[in-house]
Amino acid sequence: MQKYYAVRRGKKPGIYSTWADCKAQVDGFAGARYKSFPDKAQAQAFIDGKDSYNSRKTTTKKSANKVSNIEDFDIVIYTDGGSRNHGNFKGGHVKDSDKAAWAYHINNKGQIYEGTGGEFGATNNRMEIMALIQSIKRLNELKINQQNAIFVLDSQYVLNAITQNWLNGWKRRGFKKADGSTPVNVELWRELDQLLPTVPKKTFEWTKGHATNVGNNRVDALLNETMDKM
């Protein structure tokens, strides 16, 4: 399927027919705005209209309608996870042959870093945690983890574990839930718990998935490309 890549803010704004051409216009450009569309009219509308790199906070009801200005942060990180669950019904168990993948997109003052990976038989939630873990590891590898960062996710599962203190509660109980059971993906939660303090200045926000958030759409595209190749 033909895609049209719209660059609203970049070295040379316009509509491009390949990701490589689009990437050349946004790499190294601070505050770049870009998104892919299935038809040229939508791409042009994006260039002419309002874009959205911002997202809604979910920490409290009071802040639910606040929108952060990404220009207040040194680093903007988008993470996402997904799986192609072929269960016999909605919510059915993931099969060993089902594809799953994670991805992250890091924008450090216009310098872009991306990563993605996949595995078979993993759940969407597992990939969401993995995406966040891998993004933090990359920040540490790049030695930019001390900068002011905002993480934008569409996973309430991961966000609630962090912002609603589920993770801290599990840790206090020896990584057990209040009912004594072990949290699913406990080994990943343990790893994330070790990594979170390495980014001392961090903010977490939620964004609606598969909507108008450019960064979220980018990581969704990355993980789907990974699953396509599996």
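1. Let's start with the lining of the largest pocket: its largest share comes from α7, which gives six residues. Please keep in mind as you look that this is a predicted model.

2. Two elements, β3 (33–37) and α7 (214–229), each supply at least two residues of that lining. In terms of domains, at least three lining residues come from domain 1 (4–48), and at least three from domain 2 (75–229).

3. How many residues line the largest pocket, and which lie nearest its centre? The lining has 14 residues, and K3, S36, N217, D220 and A221 are the ones nearest the centre. The volume of this pocket is about 300 Å³.

4. Next, have a look at a pair of helices. Two packed helices are described by the distance between their axes and the angle between them. For helix α3 (residues 124–141) and helix α4 (residues 156–163), the axes come within 9 Å and cross at roughly 60 degrees. That angle is why α3 counts as oblique to α4.

5. Which residues meet where these helices touch? From α3 there are N125, E128, I129 and L132, and from α4 there are Y157, V158 and I162. The residues of this contact of α3 with α4 divide into five nonpolar, one polar and one charged.

Conventions. Residues numbered from 1 in each chain as written. Predicted model: local features only at pLDDT ≥ 70, side-chain atom pairs only at ≥ 80, totals over all residues. Heavy atoms only, no water. Axes fitted to C-alpha atoms, helices over the stretch in contact; angles between N-to-C directions. Helix = DSSP H or I, 4+ residues; strand = E, 2+ residues; numbered from the N terminus. Parallel < 35°, antiparallel > 145°, perpendicular 65-115°, else oblique. Contact = heavy atoms within 4.5 Å. Nonpolar A, V, L, I, M, F, W, Y, C, P; charged D, E, K, R; others polar. 1 Å grid on protein atoms, 1.4 Å probe; cavity = no way out; pocket = protein on both sides within 12 Å on 5 of 7 lines; lining within 4 Å. Points joined across faces, edges and corners; volume = space filled by probe spheres on them. Domains from an automatic or database assignment.
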